[in-house]
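Good morning, colleagues. Please look at the model on the screen, and I shall then take you through it.

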Amino acid sequence: LRLAPGATVEGAVVSGRDLEIGAGCRVGGPVVAERDARAGTAVALGAPDRPTTLTARCLEVEAGSAVHGTVWAHGGGLVLPEGKA
């Protein structure tokens with residue numbers, strides 16, 4: 001599953017395989033990838049008053065992104081410099 005840069009999802013995002021979240025995306029609900037997930041820069045998951053969960057096997061997130069809630073990277077995770085996801 002691929003979310004184009006700047007996409008907004010009010011609810012959950014669930015991928016049965018890999019997940020790519022483009023730069024500047026906003027997701028209000030839980031984010032689940034059965035395999036690996038990558039998030040570009042300036043991604044916002046949840047909100048300070050609406051925490052959520054991000055879970056994936058392996059996770060790569062560009063610096064400058066924010067997850068308000070819990071992050072699970074079951075096989076490991078990396079924070080990459082902007083422009084590298």
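In which loop is Pro-5 found? Pro-5 sits in the loop between strand 1 (2-3) and strand 2 (8-9). Please keep in mind that this is a predicted model.

Is Pro-5 buried or exposed? Pro-5 is exposed, because its relative accessible area is 66%, and exposed here means over 50%. Setting aside neighbours within four places in sequence, Pro-5 is in contact with Gly-22, Ala-23 and Cys-25. Pro-5 can also be placed relative to Gly-40: these residues are 35 apart along the chain, and their C-alpha atoms are separated by 8.2 Å.

The protein has zero helices and 11 strands, and from the N terminus on its elements run β-β-β-β-β-β-β-β-β-β-β. For 85 residues, a compact globule would have a radius of gyration near 12 Å; the protein has 11 Å, so the value agrees with that expectation. Taken along the principal axes, the C-alpha atoms fill a box of roughly 30 × 25 × 20 Å.

Of the 85 residues, 34% count as buried. The protein exposes about 4,700 Å², and carbon and sulfur atoms supply 53% of this area. Among contacts between residues at least 6 apart in sequence, 6% join residues at least 24 apart. As for charge, there are 8 positive and 9 negative side chains, and the centres of the two sets lie 5 Å apart.

Thr-41 lies in the loop between strand 7 (37-39) and strand 8 (44-45). Which backbone oxygen lies 3.0 Å from a polar atom of the side chain of Thr-41? That oxygen belongs to Ala-63. Not counting residues up to four places away in sequence, Thr-41 touches Ala-23, Gly-24, Glu-62, Ala-63, Gly-64, Ser-65 and Glu-82.

Thr-52, by contrast, has its place in strand 9 (residues 52-62). Why is Thr-52 counted as buried? Its relative accessible area is 8%, and buried means under 20%. A polar atom of the Thr-52 side chain lies 3.0 Å from the backbone oxygen of Gly-29. Gly-29 is also one of the residues that Thr-52 touches, beyond those up to four places away in sequence.

Thank you for your attention.

Conventions:
Residues numbered from 1 in each chain as written. Predicted model: local features only at pLDDT ≥ 70, side-chain atom pairs only at ≥ 80, totals over all residues. Heavy atoms only, no water. Helix = DSSP H or I, 4+ residues; strand = E, 2+ residues; numbered from the N terminus. Buried < 20%, exposed > 50% of the residue type's maximum accessible area, 1.4 Å probe, protein only. Contact = heavy atoms within 4.5 Å. Polar contact = N/O pair within 3.5 Å; in protein donor to acceptor, adjacent residues only side chain to side chain. Rg over C-alpha atoms; globule rule 2.2 N^0.38 Å. Areas by Shrake-Rupley, 256 points an atom, 1.4 Å probe, with all protein chains shown as cover. Lys, Arg positive; Asp, Glu negative; His and termini not counted. Charge placed at Lys NZ, Arg CZ, Asp CG, Glu CD.
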